[in-house]
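Open the model in your viewer and keep the selection panel handy.

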Amino acid sequence: MSETIKVPTMAEYMAEGKTPEVLFWVGCAGSFDDRAKKITKAFVKLLHNANVDFAVLGTEESCTGDPAKRAGNEFLFQMQAVTNIEVMNAYEIKKVVTACPHCFNTLKNEYPVLGGDYEVMHHTQFLKSLLNEGKLTVAGGRFKGKRITFHDPCYLGRANKVYEAPRDLLTKLEVELVEMKRSKRNGLCCGAGGAQMFKEPEPGHKDVNIERTEDALETQPDIIAAGCPFCNTMMTDGVKNKEKEDSIAVMDVAELIANAQDL
Amino acid sequence: MQYIPNILFVIALVAGIGYFTMNIRKIIRNIRLGKDVDRSDNKRERFKNMAMIALGQSKMVRRPIAGILHVIVYLGFIIINIEVLEIIIDGIFGTHRIFAFLGGFYDFLIASFEILALLVLVSVILFWIRRNVINIRRFKTLKGWPKNDGNIILYFEVVLMALFLTMNAADLQLQELGADHYVKAGAYPVSQFIAPLFDGMTQGSLIILERTAWWLHILGILIFLNYLYFSKHLHILLAFPNTYYGALKPQGEFDNLEAVTNEVKLMMDPNADPFAAPTTEVEEEPEKFGASDVMDLNWAQLLNAYTCTECGRCTSECPANQTGKKLSPRKIMMDTRDRLKEVGDNIDKNGSFVDDGKQLLNDYITTEELWACTSCNACVEACPVSINPLSIIIDMRRYLVMEQSAAPTDLNNMMSNIENNGAPWPFNQMDRLNWNKE
């Protein structure tokens, strides 16, 4: 893919004296991780397709501070938070959407007391609202009838009780949605949270992502759906470890919707 | 002379309740060693949580087998305590079955107590089998005192219920013999099957049997009450305040340390004078970031520790524990309580806390355990009484990182990347929008 997608920035909007309806918070993974960048693009295509008036912060965006906070570095977290809040407040941002549950949780729950009060939505919630408003059509397309299992990201599910939005979207794809033995509030972590993504695991007899991939494989899925760039990486690695990457794809909910429509 | 039993009873009652009260005051004092945290908001929601989670056992029944057995024992505990009220009144005034005047309702009450007692007996035996025979990992991993403690409580229950039924069976025999003092009252759906065992006993032996069972039953209850303090079993009382004071915010929201906020604001304030003299005359000791010992935790976390009954649902849901890492959220809570008890004993001995060269970190909880956590909240979700082991893990990580700079190297790299270029990986912030050109 080498075509350039038009992605307006907040700075451009401001230069025109406009404010977009919603800020798309891309996040570090969505900006830099090769796999996650594909999710970002798929989501932007959906936004364009639904004629959503949105912008990104671009080079003015910086890590929310989530991994620093979970690692115990409250200082670094708050430095990041205060800096980001200054930028967002200067642009008078009211509504934020992000495809990363870690950014979502931090922006939604931990920024308000530091002066950053926004309506924050996970991209699956946002897509669901577009669907409800009739701005987005989700139809079976190429995934019709496929067996799909959804892995609940901890920071979307347990942490914020969002279980239905991603499932509602998948159901609309006319897929066969199968649940793992541990799902929703009992969902097992992929192993990336709490800053584990950035370090080697402690000694044990198994990696967490392998344990979780086994849960997913038990459902004999064609596709493992995820709603988090880090879960996506962990599950992709797990599937490779089990040498199933030729038969089972790990895809974000946004990618599934975009690909179903051949966007 | 005829008042000797009454006097002995009052002495036992006062001693039993008095010693228990003394120990409860110690627990309250120990919990107050924690830092302050405001949990006085949203009283309505808090009462609702207490009603649903503690009184209503809503999270217990998520695991149906253990949950239903627990509900039976819990109902038995609460309802059979109405009988204890009668026993206490009888004991003080030398009456017998003082509530017998309730007639049909009394029959109903006694019958319910008996059926519950039988159900409790069966449940407790099944609990014992779960703990000792069936291979259930969360019980199998308990060794030494915690394992014995769990069993002792079950034995207590068996003995108390057996005494209660024996007492009623002997009473029933005496009622039928028309013995003085033994009014005809109550219905005995369970002990009527035990009563025939005592056929042919003299009235005198029956009275001795009935009195012995009666006394051992009430003394057993007083001993059990006082055993609570020394065991893991305080949840029968503390589950109520603990669910009331449990955090109401989304599980994903970690508190923002206020001490840090003040410093960050000062750093970001362009008008702040970097060379300003401290505003207070006396140099205050700067607040410690995070927790290395129990006094650095807040009182709600310490209440959590006393409330934990070591059921292990947290640990059995923990992804780190399931994959063989050392971390066990149950151990985090047990360690916190053990250390808090140690600190409490230290205060009892010395009047105030004297440094014992130990702390929660390293002496109880190792850094390897702390760094294995994925902060996934599975333990928090699993706890039937709203305990939050994760908040203690995070507070201890905060101490390691902010006071000791003792994070694993990989995490230090991640954090310096965030500091330098606003992302956990070494990518330039100026390249943040390049994804749309690829």
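In this predicted model, begin by selecting residues 145–177 of chain B, which form helix α6, together with residues 203–227 of chain B, which form helix α7. Their axes lie 8 Å apart and meet at an angle of about 150°. Angles over 145 degrees count as roughly antiparallel, so that is how α6(B) runs relative to α7(B). The crossing of the two is left-handed.

Now show side chains where they touch. On α6(B), the contact residues include B:Phe156, B:Leu160, B:Leu163, B:Met167 and B:Leu174; on α7(B), look for B:Leu206, B:Ile207, B:Trp214, B:Ile221 and B:Phe224, among others. Colour the contact by class and you get 17 nonpolar, five polar and two charged residues.

Next, bring both chains into view. How many residues of chain B are in contact with chain A? There are 57, and they meet 59 residues of chain A. To find the chain B side, select α9 (258–268), α12 (319–322), α14 (367–371), α15 (378–382), α16 (389–403) and α17 (409–421), each of which supplies at least two residues. By class, this side of chain B holds 30 nonpolar, 14 polar and 13 charged residues.

Move over to chain A and pick out its open sheet of four strands, ordered β2-β1-β3-β4 with parallel pairing. The edges belong to β2 (54–55) and β4, each with a single partner strand, so one side of each has no neighbour in the sheet.

Strand β1 (residues 22–25) and strand β3 (residues 95–98) of chain A pair over three bridges. Here A:Leu23 faces A:Val96, and A:Phe24 stands opposite A:Val97. From β3(A), step across to strand β4 (residues 119–122) of chain A, joined to it by four bridges. A:Val97 turns up again here, with A:Met121 as its bridge partner in β4(A).

For the last stop, select helix α8 of chain A, residues 164–172. Which of its residues are buried? They are A:Ala165, A:Pro166, A:Arg167, A:Leu169 and A:Leu170. Show their surroundings and you will find them packing against α7 (123–132), β5 (147–150), β6 (176–178), β7 (223–226) and α11 (253–260) of chain A. Finish just after the helix, at A:Glu174, where phi is positive at about 55°.

Definitions and conventions: Residues are numbered from 1 along each chain as its sequence is written. Chains are lettered from A and ligands numbered from 1 in the order in which they are written. This is a predicted model: local features need pLDDT of at least 70, side-chain atom pairs count only at pLDDT 80 or more; totals for chains, interfaces and linings use all residues. Axes are lines fitted to C-alpha atoms, for helices over the stretch in contact, and angles run from 0 to 180 degrees between N-to-C directions. Angles under 35 degrees count as roughly parallel, over 145 as roughly antiparallel, 65 to 115 as roughly perpendicular and the rest as oblique. A crossing is left-handed if the near helix is turned anticlockwise from the far one by less than a right angle, and right-handed if clockwise. Two residues are in contact if their C-beta atoms, placed from the backbone, lie within 7 Å. Ala, Val, Leu, Ile, Met, Phe, Trp, Tyr, Cys and Pro count as nonpolar, Asp, Glu, Lys and Arg as charged, and the others, Gly among them, as polar. A residue is buried if 20 or more other C-beta atoms lie within 10 Å of its own, exposed if 12 or fewer, and partly exposed in between; C-beta atoms are placed from the backbone. Two strands pair if DSSP finds at least two bridges between them.
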